Each structure stands twice: as structure tokens, then as C-alpha cells.
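Please find below a note on the model under review.

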Amino acid sequence: MSPIVTVRGVRKAYDSGLVALHSIDLEIAKGEIFALLGPNGAGKTTLISIICGTVTMTSGSVSIDGHDAAMEFRAARSKVGLVPQEIAVDIFQTVWNTVTFSRRLFGRPTNPAYVESLLRDLSLWDKRKSRIIELSGGMKRRVMIAKALSHEPDVLFLDEPTAGVDVTLRKDMWEVIRRLKDRGVTVILTTHYIEEAEAMADRVGVIDKGRIVLVDQKAAMMQRLGKRQLTLALAEPMTSLPPGLAGWPLELEEDGQRLTYRFDASAATTGIQELLRLVDSLGIAFSDLDTKKSSLEEIFVGLLEHAA
């Protein structure tokens with residue numbers, strides 16, 4: 001299946017000499033949730049803005065569902081819905097008028113049934129007659145999503161969709177995004193909340209200093225780059241590692257009360273059994289042991305440190 005979004009050699013340079021993007025290549029598959037991660041200033045918003053046609057690229061090409069974003073701007077833009085970081089609506093308009101007006105801007109025929117369905121999906125139906133100024137921050141964010149979906153786009157870009165939203169509403173927003181995927185909408189999001197990408201994304205891309213560091217399936221990335229760790233709660237704290245444990249990737253933590261061993265879970269052997277036998281032979285007693293795997297956040301931080 002051909003990708004619904006294709007980015008080839010996209011570069012963005014400003015007159016000041018600042019290069020925001022360095023020859024970006026990226027493909028997004030139809031129907032997937034793709035998370036673009038990166039620190040502030042990495043180029044996430046610039047890249048999304050170029051794909052959506054709100055920022056002009058210096059060189060390169062963008063194709064959306066087979067339409068060249070520069071040569072066939074209207075056709076390409078009609079395929080896209082964009083939810084920017086900023087709340088950009090007429091605060092004195094009602095929710096219903098805001099969404100229906102946005103639909104008309106794209107030349108779509110009036111369809112009250114679709115708008116009603118959209119507002120119900122986003123838990124905005126009871127607020128349809130309310131003015132935007134009367135809504136909470138989370139509800140305003142939902143209105144922005146409804147506005148972006150008003151013309152029934154195939155691709156939805158969400159730039160920090162849950163910024164400034166409380167934890168409960170953030171989880172609700174995740175459910176909204178999952179339902180959009182179930183309807184066949186391709187969702188591309190940028191986020192500072194790594195747990196957001198870990199919970200929802202099919203694939204993850206990492207961008208830093210205007211360059212794509214890595215793109216991979218989330219599960220494959222966590223399997224390939226993730227680490228597991230075994231932690232022993234020591235019966236007696238240690239001030240230093242005994243010579244018999246030299247050469248093992250071990251760390252003493254919590255003032256010597258915990259001994260942590262990090263290993264590659266995908267390796268042929270983990271070394272756990274050998275380590276436990278060695279610990280026992282050295283007379284090191286422990287009261288408990290625990291294992292866990294790396295989070296996507298730990299992998300993300302590691303990638304940025306390696307790229308620095």
C-alpha cells in the first residue's frame with residue numbers, strides 16, 4: 001500500500017541563516033497513528049506546518065494521498081485537518097457555528113447529521129449552543145479537533161494535542177484519537193508527553209536539530225533499543241561493589257541498598273542466572289528482586305544523548 005503522506009528532501013532555511021530542517025525524508029502509512037517526538041526547537045511544528053501548507057519549504061517535496069502539496073495545493077490541503085498548539089477560534093461564536101463554518105470554508109456541502117455525529121464523538125453535543133468563551137481549556141481543545149475534522153479529512157495532524165489539559169481529559173483525548181483511527185483516519189501527532197506516544201502510536205519518529213534521528217515501529221524500537229533491568233533489594237547495604245562482581249554492568253543505588261543489573265532482553269543469554277549464582281556464592285543476601293523494561297521515554301532520552 002502506498003503511503004498517504006510522503007516527504008522527500010524537505011529543507012527549511014530562514015534568511016537569518018538558521019536551518020530549521022535538514023533534508024527530511026518521511027513516509028506515513030494510511031490509517032496509522034504516527035508520533036513525532038523531539039525536544040523544543042527540534043523542528044516538529046515546522047515540519048507539520050510545511051506538510052499542511054502553512055509554511056513554505058526552501059526545497060523538497062510533499063505529497064498527500066498522491067497530490068503534490070505545492071502543485072495541487074487545494075486537493076492536498078482538502079485531505080488534511082490540522083489542530084495547532086494555539087486555540088485559534090472566534091471565542092464569541094457557538095460550537096455549532098464554528099464547526100459548520102469551518103466545513104463550508106473547504107467547500108463541503110452542509111451536513112448537519114455529520115456535524116452532530118462529530119460533536120457527539122467528541123463529547124461536545126451538550127455544548128453545541130455554548131460560545132467558545134464559555135468553555136474550559138479541554139473543551140476548547142476538543143472544538144479545535146472538531147473544526148479540523150469538519151471537512152472529513154483523511155489525515156489529522158495534532159500538534160501537542162493535550163498541552164494544558166488535565167490528566168483525566170488527556171486520557172479522554174487518547175480515546176478520541178483511537179476512535180479516529182478505527183474510522184480510518186491517519187493521525188500524526190507531536191507530543192512532549194512520551195507516555196502519550198507509548199500508549200497510542202503505531203510508529204514513532206524522533207527528530208532533533210532539524211534531522212530525523214530514527215523512525216521505527218514502536219514495538220520494534222522498544223525491543224531493539226530498550227533494556228531490561230533486574231534490581232536486588234539488599235539485606236545489608238553495601239558501600240561499594242565487591243571485586244568478585246567486577247566486569248558486570250551493575251550499579252549500587254539508594255545509598256547501597258539496591259543493586260541494579262541492566263541487560264539486553266533480546267540477547268541470546270541475559271546473564272541473570274549466572275549473576276544470581278555469583279551473588280549467592282559471594283554471600284550477598286537480598287530480600288527481594290524486581291525486573292522492569294525501559295520506557296519509551298528512556299529510549300528517547302538515550303537517542304538524543306547519542307545524537308548530541
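1. L36 has G205 as its bridge partner in strand 9. The strands concerned, strand 3 (residues 33–37) and strand 9 (residues 203–208), pair in the parallel sense over four bridges; two strands pair if DSSP finds at least two bridges between them. Helices (H or I, at least four residues) and strands (E, at least two) are DSSP runs, numbered from the N terminus. The model is a predicted one, in which local features need pLDDT of at least 70 and side-chain atom pairs count only at pLDDT 80 or more, while totals for chains, interfaces and linings use all residues. Residues are numbered from 1 along each chain as its sequence is written, and side-chain values use heavy atoms, with hydrogens and water left out.

2. Six strands make up an open sheet with mixed pairing, in the order 6-7-8-3-9-10. Strand 6 and strand 10 (211–217) are at the edges with a single partner strand each, so one side of each lacks a neighbour in the sheet. On average, neighbouring strands of this sheet are turned by 15 degrees against each other, direction ignored. Helix 5 (residues 137–149) packs on the sheet and touches strand 6 and strand 7 (155–159); contact means heavy atoms within 4.5 Å. The direction of helix 5 makes about 165 degrees with that of strand 6 (axes are lines fitted to C-alpha atoms, for helices over the stretch in contact, and angles run from 0 to 180 degrees between N-to-C directions).

3. An open sheet of four strands has the order 2-1-4-5 and antiparallel pairing. Its edge strands, strand 2 (19–28) and strand 5 (67–68), each pair on one side only. Five bridges join strand 1 (residues 5–13) to strand 4 (residues 59–64) in the antiparallel sense, and V62 in strand 4 is the bridge partner of V7.

4. Strand 12 (residues 250–253) and strand 13 (residues 258–263) are antiparallel and share four bridges. L252 stands opposite L259 in strand 13. Four residues lie between the strands of this hairpin, where E254 takes a positive phi near 55 degrees.

5. R74 and G53 are 21 residues apart in sequence, with a C-alpha to C-alpha separation of 9.7 Å in space.

6. I91 lies in the loop between strand 6 (80–83) and helix 3 (95–105). I91 counts as partly exposed because its relative accessibility is 32%.

Definitions and conventions: Buried < 20%, exposed > 50% of the residue type's maximum accessible area, 1.4 Å probe, protein only.
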